[in-house]
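Let me put the model up on the screen, and then I'll walk you through a few spots in it.

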Amino acid sequence: MKFNELGLMPELLRATTDAGYTEPSPIQAATIPVALKGRDVIGCAQTGTGKTAAFCLPALQRAHATSGEQASLHTLILTPTRELAAQIGESLSSYGRHLDLWHAVIFGGVSEKPQIAELQRGVDILVATPGRLLDLMQRGIVKLGSVKLFVLDEADRMLDMGFINDVKKVTRALPAQRQTLFFSATMPDAIRQLANTLVKNAELVAVNPISSAVEVVSQSVYFAEKDQKRHLLLHLLEQQECQRVVVFTRTKHGSDRVARHLDRAGKRVAAIHGNKAQNARIRALDGFKSGDIQVLVATDIAARGIDVDDITHVINFELPNVPETYVHRIGRTGRAGKGGAAISLCDMEERSYLRDIERLTGKRLTVVSDHPYVGAAPPPSAGNASGSGNGNRNGHDARGPQRSGGARPQHAPQQNGGRPAGSRPRGRRPRSSWSGGGGRGGRPKSVAVSA
Ligand code: AMP
């Protein structure tokens with residue numbers, strides 16, 4: 001399948017070429033033609049599969065088709081975290097660079113003033129997190145009456161993060177006559193029910209029912225006593241080719257403790273979790289992206305926004321008690337179909353979590369028992385429990401039975417070209433080019449105005 005077979009307009013095809021994409025990823029190939037026809041979509045896909053372009057490209061094309069002299073809100077994209085919102089904003093800038101459309105990104109935790117100023121100037125596409133959006137809706141600053149396309153991104157994370165009621169409030173304010181694109185990495189019952197209330201006659205697009213990460217990431221488990229785990233972690237970081245690693249802990253204190261231990265051992269490490277100030281989180285993420293920081297220790301909620309390519313390893317310092325969380329975690333590596341390694345440290349108490357994970361993913365984790373802190377004998381469910389099974393110490397060939405799925409998307413660097421370009425003046429303000437940071441009449445460079 002080629003991009004030019006999807007029904008996309010030339011300006012968007014050019015943008016995908018600019019971005020270095022040679023062919024659509026499976027979720028794009030399945031979603032874009034359906035969405036362009038105006039049909040609702042339920043998409044099973046997580047970050048890393050090319051899902052953002054799967055909804056941004058049709059949104060831009062459909063918003064363009066209806067855009068008039070003055071921007072009026074055509075598309076609302078709701079996403080759970082500010083980091084995801086900012087990334088979607090960047091994708092809109094990149095994919096919409098040859099079009100004459102406006103978008104804004106709004107989220108909480110930062111000043112609302114620039115966001116409000118942006119909204120008051122009119123936008124075609126709005127990317128928002130639920131809390132800030134509801135606040136601005138309640139004060140009459142955002143009105144959803146003109147929305148024709150609604151995108152709900154990461155619905156299951158909305159549920160995990162306790163946003164479902166906010167999402168429902170937002171959707172009640174949307175016109176009944178609209179198109180809906182609904183995306184979720186997993187489809188627990190609550191999400192399926194929510195989807196049924198939002199979509200009509202939807203096309204189900206399930207590139208992989210669980211996650212492409214389950215396929216492309218090699219997964220292994222190390223059994224160890226609880227109090228040995230931090231030593232084992234250090235051992236792994238020294239033994240493995242761990243260039244860019246996310247370590248998951250269950251609690252904020254736990255992540256601080258692990259980060260302190262690694263720091264004392266001389267590792268370049270930072271912790272991110274909900275108790276950290278936004279500035280500290282941004283600093284940590286920037287350091288991680290640039291490679292100054294090798295290890296990021298994160299809680300699940302904080303990690304929702306980590307969207308860094310080339311994470312070589314995800315290490316579960318503690319196993320999550322909700323198996324879907326495991327899928328989200330390992331999805332931090334293996335992005336865009338690239339391989340990566342997920343290593344889980346499992347103590348006695350976590351064996352049942354391991355069983356749940358293996359049941360959900362349909363895949364046995366490779367047990368690695370060849371390490372100095374071996375303990376907590378493997379559970380009977382681990383079929384390859386003796387020795388290092390078919391894996392190696394790097395876990396790189398540790399692939400057990402896998403669920404089937406489509407072809408893997410090619411990975412290519414994303415262009416980050418600022419706001420949509422186009423020098424045609426339109427409406428009440430000039431829409432001049434500022435792609436790649438060039439100046440444009442009276443607008444700031446990024447419309448992720450509060451980033
Ligand atoms: P996403 O799942 O939307 O977060 O995308 C994951 C990564 O894949 C991003 O860095 C995108 O720039 C990249 N990507 C998206 N679509 C394609 C494509 N068709 N070919 C290559 N890379 C892509």
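When I say strand or helix, I mean DSSP runs numbered from the N terminus: E for strands, with at least two residues, and H or I for helices, with at least four. And two strands pair if DSSP finds at least two bridges between them.

Quick housekeeping before I go on. This is a predicted model, so local features need pLDDT of at least 70 and side-chain atom pairs count only at pLDDT 80 or more, while totals for chains, interfaces and linings use all residues. Residues are numbered from 1 along each chain as its sequence is written, and side-chain values use heavy atoms, with hydrogens and water left out.

Now zoom out to the sheet. It's an open one, with 7 strands in the order β10-β11-β9-β12-β13-β8-β14, and the pairing is parallel. At the edges you find β10, 269-272, and β14, 366-367, each of which pairs on one side only.

One of the partners to look for is V295 in β11, which bridges to V269. So what covers β10, one face or both? Both faces are covered: V269 and A271 on one side, and A270 and I272 on the other, are all buried. Buried here means under 20% relative accessible area, exposed means over 50%, and partly exposed is in between, with a 1.4 Å probe and protein chains only.

Next, salt bridges. The rule is a side-chain nitrogen of Lys or Arg within 4 Å of a carboxyl oxygen of Asp or Glu. How many salt bridges does that give? The count comes to 15.

I'll show three of them. In the first, E203 pairs with R39, with the closest N and O atoms 3.4 Å apart. E203 lies in strand β7 and R39 in the loop between α2 (26-36) and β1 (41-44), so this pair ties together parts that are 164 residues apart in sequence. E203 is partly exposed, with a relative accessible area of 30%, and R39 is partly exposed too, also with 30%.

The second one is K51 with E154, at 3.0 Å between the closest N and O atoms. K51 sits in helix α3 and E154 in the loop between β5 and α7, so parts 103 residues apart in sequence get tied together. K51 is buried, and so is E154; for E154, the relative accessibility is 4%, which is why it counts as buried.

Keep E154 on screen, please. It has a positive phi of about 55° although it is not a glycine. The loop it sits in runs between β5 (149-152) and α7 (155-160).

There's another residue like that to look at, N201, where phi is near 50°, a positive value in a residue other than glycine. N201 is in the loop between α9 (189-198) and β7 (203-206). Buried or exposed, then, for N201? It counts as exposed, at 64% relative accessibility.

Last stop, over on the surface. R230, R257, R260 and R264 gather there in a patch of positive charge. For patches, residues need over 30% relative accessible area and no salt bridge; like charges are joined within 9 Å, and nonpolar side chains (Val, Leu, Ile, Met, Phe, Trp, Tyr) within 5 Å. Lys and Arg count as positive and Asp and Glu as negative, with His and the chain ends not counted. The place of a charge is taken as NZ of Lys, CZ of Arg, CG of Asp or CD of Glu, and the areas come from the Shrake-Rupley method with a 1.4 Å probe.

Which helix gives the largest share of the positive patch? That's α12, residues 252-264, with 3 residues. R257 has its place in helix α12, and R257 counts as exposed at 51% relative accessibility.

That's my tour, thanks.
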